[in-house]
Amino acid sequence: MARKPDYGWLAASLLPRIESLKQYPAEARINRLEGRVLVRIVVQDDGQIISATIAKSSGHDILDQAALETVQKSSPILLTQPLEKSSVTLQIPINYQLVH
């Protein structure tokens with residue numbers, strides 16, 4: 001049985017970039033909307049994000065859209081090692097939480 005490659009390193013390099021680019025939508029902040037968006041992304045072997053879709057909604061369209069925009073802005077990703085295939089699909093959680 002072939003061992004499935006571990007792309008934890010890819011998520012680990014992408015998450016800080018997403019956090020640094022993430023902006024809380026003003027409307028969501030005013031309405032005190034919070035949630036966790038699970039974004040399914042497809043990364044090409046050159047680091048380009050060629051697809052980003054909602055795998056699991058936060059329940060708020062405005063947060064879902066903000067998450068997709070943030071992921072698109074984070075492309076291309078600096079790959080610290082080769083993907084070993086033409087593209088990889090990952091699921092990245094993006095949390096929107098107001099400080100209570």
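Trainee: Which residue of β3 is the bridge partner of Leu-38?
Mentor: In β3, Leu-38 is partnered with Pro-93. This is a predicted model, where local features need pLDDT of at least 70 and side-chain atom pairs count only at pLDDT 80 or more, while totals for chains, interfaces and linings use all residues. Residues are numbered from 1 along each chain as its sequence is written, and side-chain values use heavy atoms, with hydrogens and water left out.

Trainee: How many bridges join β1 to β3?
Mentor: There are 10, and the two strands run antiparallel. Two strands pair if DSSP finds at least two bridges between them. Strands (E, at least two residues) and helices (H or I, at least four residues) are DSSP runs, numbered from the N terminus.

Trainee: And how many bridges join β1 to β2?
Mentor: For β1 and β2 (residues 49-56) the number is 6, again with an antiparallel run. Val-42 has Ser-51 as its bridge partner in β2, and Val-43 has Ile-49.

Trainee: What's between the strands of that hairpin?
Mentor: The hairpin of β1 and β2 has 4 residues between its strands, and Gly-47 takes a positive phi near 90°.

Trainee: Why is β1 called largely enclosed?
Mentor: Because 7 of the 10 residues of β1 (residues 35-44) are buried, the rest of the structure largely encloses this strand. Buried means under 20% relative accessible area, exposed means over 50%, and partly exposed is in between (1.4 Å probe, protein chains only).

Trainee: Switching to Ser-75, where does it lie?
Mentor: Look in the loop between α3 (61-73) and β3.

Trainee: Is Ser-75 buried or exposed?
Mentor: Its relative accessibility is 17%, so Ser-75 counts as buried.

Trainee: What joins the side chains of Ser-75 and Gln-48?
Mentor: A polar contact of 3.2 Å does. A polar contact is a pair of N or O atoms within 3.5 Å; within protein, one must be able to donate a hydrogen and the other to accept it, and residues adjacent in sequence count only if both atoms are side-chain atoms.

Trainee: Which residues is Ser-75 in contact with, leaving aside neighbours within four places in sequence?
Mentor: Those are Arg-17, Gly-47, Gln-48 and Ile-49, where contact means heavy atoms within 4.5 Å.

Trainee: On to the helices. At roughly what angle do α1 and α3 cross?
Mentor: The axes of α1 (residues 8-21) and α3 cross at roughly 115° and come within 9 Å. Contact is made by Arg-17, Ile-18 and Leu-21 of α1, and by Thr-70, Val-71 and Lys-73 of α3. Axes are lines fitted to C-alpha atoms, for helices over the stretch in contact, and angles run from 0 to 180 degrees between N-to-C directions.

Trainee: How many salt bridges are there?
Mentor: The count comes to 1. A salt bridge is a side-chain nitrogen of Lys or Arg within 4 Å of a carboxyl oxygen of Asp or Glu. Here Glu-19 pairs with Lys-22, and their closest N and O atoms are 3.3 Å apart. At 43% relative accessibility, Glu-19 counts as partly exposed.

Trainee: Last one: in what order do the elements run from the N terminus on?
Mentor: The order is α-α-β-β-α-β, which comes to 3 helices and 3 strands. Of the 100 residues of the protein chain, 38% count as buried.
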